[in-house]
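Please look over the two-chain model below.

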Amino acid sequence: MIEIKDLKKVYAGVTVVNVPHLEIRKGESVGLVGNNGAGKTTLFRMMLDLIRPETGEVLLNGEVVAGHENWKNYTASYLDEGFLIDYLTPEEYFYFIGGLHQQSRAHVDDFLSGMGDFFNGEILKKGKYIRDLSKGNQCKVGVVSCLLQSPELLMLDEPFANIDPSTQFRLKSILKDLNKNKGVTNLISSHDLNHITDVCDRILLMEKGVIIKDIATSSSTLSELEAYFGVEQG
Amino acid sequence: MISTFLSHELKAFWRSKNTGKSIVIRVVMGIFIFYLLLNVLVLGFFLDKILDKTFPREDLVVAFCGIILIYYLSDLLMRLQLQDLPTLRVQPYLQLPVKRNSLVKYLAFTALLSVFNLWPFILFVPFVLKIVATDSGGLTALAFIVSIAGLTVFNNYLALYIKRKSNLNGWIFLIVSGVIILVGVSDFYWHLISIRKISYLFFGHLINQPLFALVPVLLGVLMYYLNFLYLKQNLYLEELGSRKASSYKSSTEYPLLNRFGSVGDLAGNEIKLILRNKRSRSALIMGLFFMFYGLIFYTNHLYGEGWRIFVGMFMTGIFIINYGQFMFSWQASHFDGLLVSKVSFSDFLKAKYLLFTVVSTGFFLLTTPYVYFGWQILLIHFIMYVWNIGVNTTLVLFFANRNYKRIDLSKGAAFNWEGVSGNQWILSIPLLLAPYVIYAPFALLGHAGIGLALLAITGIVFIFTRGFWIKQLEADFYTKRYKIAEGFRNK
């Protein structure tokens, strides 16, 4: 599904991402962890062809992302609020995204009615533009707009960061369901080690732009990660 | 404490992305502001001559005293529109161990640092020194200057007080503006009252009784104190901010655009962008003001056909020029989202063309009443309308590919230089010259008709070759997209 070759990004002489090789197979659920500045978001942006790498390339389904648009048909992503059109109401935004995938309004409405629990009554028919929603609620809009596209590949950057505990648990079960039952490939970054080891069956640990660990999740993964991040405890 | 605030303020000014980026713009802006100041200064210096011409039968000092209050009324109206509230900047200090009093004092004090407080001095003081001082002596002149200072301070704080109040209730702004306009109308149209007489009533007495100068000073101090108290009681983010309490926002759709599929959706989104954000909305409204352009040019026979091309282009294409010059910065805040979503760039461009065509058609229809000045005018408007949606749209989009500056949509357009770069200046050159390159040679040889026809033909050719231009623009965009997206990510 995803193949990365010799990917490198340099800002002002500092290498911020350096991934010689990485392969993620279809149906995998991959978590990306690492401290601030490890290069997670930069890696995401290069995978989505938003920034130009110094060297190397990213292939989705065997096709280079740079210069091609085919991957947009099956990839849904939410990195930050910059992905949302903030002067639209959430409904208008969902209709717009649905329309891009040739979905009728009725179809979108139908889909949204199934999201009632996740929205917790905070999003739809509130008479607010997206810019007037809280950060957590904006995140809900972003995540749901991804789900609406029924993607084969889902990329989320720190989706658990701003949402409330109930929504965190709902999001986890949604992500698991997508992966296990619909075969969606997940790529999720997070600072919450509990959530990420719970949702993902493979963890990539980044440090200063390099993937230093690539582990299949097991019962010992959480403590292994805690040992890495808890610098002073060991 | 105040000095720390001031040093932070200076840093904020010098380090802001707005001011710091381009030296060229700062120099050009500096020259522009200097030129404006110079103009007012010249106006101030020749105020006696101007007053002499305007009110030939009146005594010079009487006329002068008469206009002061009129100035301050219009000044108040201007301030209500344009003056910024010096507010949100205190946000980072609110939770720190800083005395509320010093915060409020600082806020109230910095409110004085506005260009608006400079105008009355430049405008009136030269006259006071030239005429009043020689006529009635230094003490009277001093009294005039003191009362001008007092009224300026009073106006400054009154405007801010009204603005703060109207943040909580939008009606206050409308009512106050309405009252000011009503006062103006009842003088100049209905002749019910005479502001000039009222103004003279005070300033006339000032000549005999310089002590009266303390009245405006007292008013100014009172208004300052009122502001101070109000701020002190309401030092909360909600009340300070310029964000108005929001009403229910409903979803809209434009059935007319639905038939264009996803291109129509994109154009619809952009119409919502324009209508729902402050800066883009003011760009549109400014465009509407340009509809009166014709009244200036067509009523004056000095301006021949050459000017009509210019006027016609501006009136039918003002939106393309005014809004298009900042493309795609308007969408800077969600540009990443557009890039990763299933929007092909050619659709994105087609939506721009659609938007330009729809709005320009609207503006062309608005100019049809100018047929009153002759059918030729309407014909030229139509030709320039075709030129606009043919040539200028493509030109503007070509420059849009070279625009890397982010725009914050929530700020007003007046005196807002965010997003301005060398790009806009360069763009204006081909925009203004291109029609004349085609038209002028024929007009000079006495075949203006052929020139006009060629303009129309060029426009039509461009409209019919849009597909080709879209392909070119798309290819061009792919070489610049990373740079554009990166620029837009820089807040």
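A:Leu60 stands opposite A:Glu63 in strand S5 of chain A. Two bridges join S4(A) to strand S5 (residues 63-64) of chain A, and the strands run antiparallel. Helices (H or I, at least four residues) and strands (E, at least two) are DSSP runs, numbered from the N terminus. Two strands pair if DSSP finds at least two bridges between them. The hairpin of S4(A) and S5(A) has two residues between the strands, and A:Asn61 takes a positive phi near 50 degrees there.

This is a predicted model, in which local features need pLDDT of at least 70 and side-chain atom pairs count only at pLDDT 80 or more, while totals for chains, interfaces and linings use all residues. Residues are numbered from 1 along each chain as its sequence is written, and chains are lettered from A and ligands numbered from 1 in the order in which they are written.

**Strands of chain A**

S4 also pairs with another strand. Strand S1 (residues 2-11) of chain A is joined to strand S4 (residues 55-60) of chain A by five bridges, and the two run antiparallel. In S4(A), A:Glu57 stands opposite A:Lys5.

| Strand pair (chain A) | Sense | Bridges |
|---|---|---|
| S1 (residues 2-11) and S4 (residues 55-60) | antiparallel | five bridges |
| S4 and S5 (residues 63-64) | antiparallel | two bridges |
| S3 (residues 29-33) and S8 (residues 185-189) | parallel | four bridges |

Strands of a sheet pair through backbone hydrogen bonds, either parallel or antiparallel. An open sheet of six strands in chain A has the order S6-S7-S8-S3-S9-S10, with mixed pairing. Strand S6 (75-78) and strand S10 (210-216) of chain A are at the edges; each has a single partner strand, so one side of each is left without a neighbour in the sheet. From one strand to the next, the twist averages 15 degrees. Axes are lines fitted to C-alpha atoms, for helices over the stretch in contact, and angles run from 0 to 180 degrees between N-to-C directions.

Within this sheet, S3 and S8 of chain A pair in the parallel sense. A:Ser29 has A:Asn186 in S8(A) as its bridge partner. Helix H1 (residues 40-47) of chain A lies across S3, strand S7 (153-157), S8 and strand S9 (202-207) of chain A. H1 runs at about 145 degrees to S7(A).

**Chain A as a whole**

Chain A has eight helices and ten strands. Its radius of gyration (taken over C-alpha atoms) is 18 Å, close to the 17 Å that the globule rule (2.2 Å times the number of residues to the power 0.38) gives for 234 residues, so chain A is as compact as a globular protein of that length. The C-alpha trace of chain A spans about 50 × 45 × 35 Å along its principal axes. Of its 234 residues, 46% count as buried. A residue is buried if 20 or more other C-beta atoms lie within 10 Å of its own, exposed if 12 or fewer, and partly exposed in between, with C-beta atoms placed from the backbone.

Chain A is divided into domain 1 (1-74 + 153-234) and domain 2 (78-150). Domain bounds come from an automatic or database domain assignment. The C-alpha centres of these two domains of chain A lie 23 Å apart. Their contact takes 13 residues from domain 1 and twelve residues from domain 2 of chain A. Two residues are in contact if their C-beta atoms, placed from the backbone, lie within 7 Å. On the domain 1 side, H1, S7 and helix H6 (165-182) of chain A give two or more residues each. H6(A) gives the most, with four residues.

**Chain B and the interface**

Chain B has 23 helices and zero strands. Its C-alpha trace spans about 75 × 65 × 40 Å along the principal axes. Buried residues make up 34% of the 491 residues in chain B. The domain assignment gives domain 1 (2-240) and domain 2 (256-489) of chain B. Their centres, taken over C-alpha atoms, are separated by 37 Å.

How many residues of each chain are in contact across the interface? There are 28 residues of chain A in contact with 26 residues of chain B. Helix H2 (residues 90-100) of chain A gives the most to the chain A side, with six residues.

One residue on the chain B side is B:Gly337, in helix H18 (residues 335-340) of chain B. Leaving aside its neighbours within four places in sequence, B:Gly337 is in contact with A:Gly82, A:Phe83, A:Leu84 and A:Ile85. B:Gly337 counts as buried, with 24 C-beta neighbours inside 10 Å.
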